[in-house]
Amino acid sequence: MADQPRIYLDNAASTPLDPEVLDAMMPYLKGGYGNPSSIHHAGREARAAIEKARKQMAAFLGVSPSEIYFTSGGTEADNFALRMSVEGLGVKKIITSPVEHHAVLNTALDLARQGKVVLELLPLDKQGRPEWEGLLDRDYKETTLVSLMHANNELGTVLPLKKLAPGLKEKNVLFHSDMVQTIGHFDINLTDLEVGMASASAHKYHGPKGAGFLFVHSDIPVTPILTGGAQERNLRAGTENVPGIIGMAKALELAYRDMQVHRKHIEGLKDRLRTSIMKQYPEAIINGDDSDKALYTILSVTFPEMANQEMLLFQLDILGLDVSGGSACTSGSHKGSHVLEAIQINQDHPTIRFSFSKYNTEEEVDRTMGLLKEAVGSRQ
């Protein structure tokens, strides 16, 4: 096994940088060093590159360039949406779910602890999907923000935004969706979806780390969270990450160009691994939505109880397989997954999240099964 290349199946945490993305970034890493806020030639070149990237991304997402605000990633975009809604738009209540990414959940909890909002967490169905239907039947007497992720980053369960977002808009409820796991993987038109705000991160679809954006519909007045300079139309201070923005736009272009081909490939890999796991470990449980409506890049499996199960991820790492037990954002914590806890998965049993990209192969899936057998043993 030592001579075999490592297998990377943790793409929900971060994806490899596409070589074409690196090529697009290189001129701005090696040469185009001007500050986009400067009025001289180098600054103007950098500014032009940023605005070209913004325009390109907006076209793919079906929005106006003025509705795209560049951030350092998904966490900042989520914070931007929630804190701006409370501090600038007068939101008094936040409705979200217990399976949101911590960038949303912890931000909402923080705002509630400060007494700035009332926080409501929606119940979940068995697949970990928030029970959203009742939101459309309510009368909202206070300014409310609903923040629900498009696809769960541990389970792959997808929320039907096309059914939810227009109904909330009709009731004058602000709606934000963390779309970090779906933008770049689904053909998404944000205007057609009628979401008010949406967060995304480049490194989830083969772009660079440290680059993301927040979409804010033009009907929503935007107030700054980071104050200082006049960047991002006075709404997000700080010198722009020019190479990161260029790379993010290029990665989105490539994602849309080849989306259907890559989706079919990844769906085949996921089905191949799922079938092999269930044949080898018939007592295993597939977590979340296991239908074709789920996010095709994620497969969460809870395995039967086994000896030394707390060491399973470390054993697989030693054998050359990169996977996670849940969100990478909690991997340094001694706490279990808040998502698995919320859907009442027995965390005394080991859970592995396998997440795929266009670079994975059938040969890697077959080798993964061999490594699982070596670490877990056979249950047939």
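Predicted model: local features only at pLDDT ≥ 70, side-chain atom pairs only at ≥ 80, totals over all residues.
The C-alpha trace extends over about 65 × 55 × 35 Å along the principal axes. Of the 380 residues, 55% are buried, and among the contacts with a separation of 6 or more, 75% are accounted for by residues 24 or more positions apart.

The accessible surface of the chain amounts to about 16700 Å², with carbon and sulfur atoms contributing 51% of this area. As to charge, 39 positive and 48 negative side chains are present, and a distance of 3 Å separates the centres of the two sets.

The count of aromatic pairs in the model comes to 4. One of these is formed by Phe186 and Tyr296, whose rings adopt an edge-to-face arrangement, with 5.7 Å from centre to centre and 70 degrees between the planes. Because Phe186 is located in the loop between strand E6 (174-178) and helix H6 (190-193), while Tyr296 belongs to the loop between strand E9 (285-286) and strand E10 (298-302), the pair ties together parts that are 110 residues apart in sequence. Both Phe186 and Tyr296 are buried.

How values were computed. Residues numbered from 1 in each chain as written. Heavy atoms only, no water. Phe/Tyr/Trp six-rings, centres within 6.5 Å; stacked < 30°, edge-to-face > 60°. Helix = DSSP H or I, 4+ residues; strand = E, 2+ residues; numbered from the N terminus. Buried < 20%, exposed > 50% of the residue type's maximum accessible area, 1.4 Å probe, protein only. Contact = heavy atoms within 4.5 Å. Areas by Shrake-Rupley, 256 points an atom, 1.4 Å probe, with all protein chains shown as cover. Lys, Arg positive; Asp, Glu negative; His and termini not counted. Charge placed at Lys NZ, Arg CZ, Asp CG, Glu CD.
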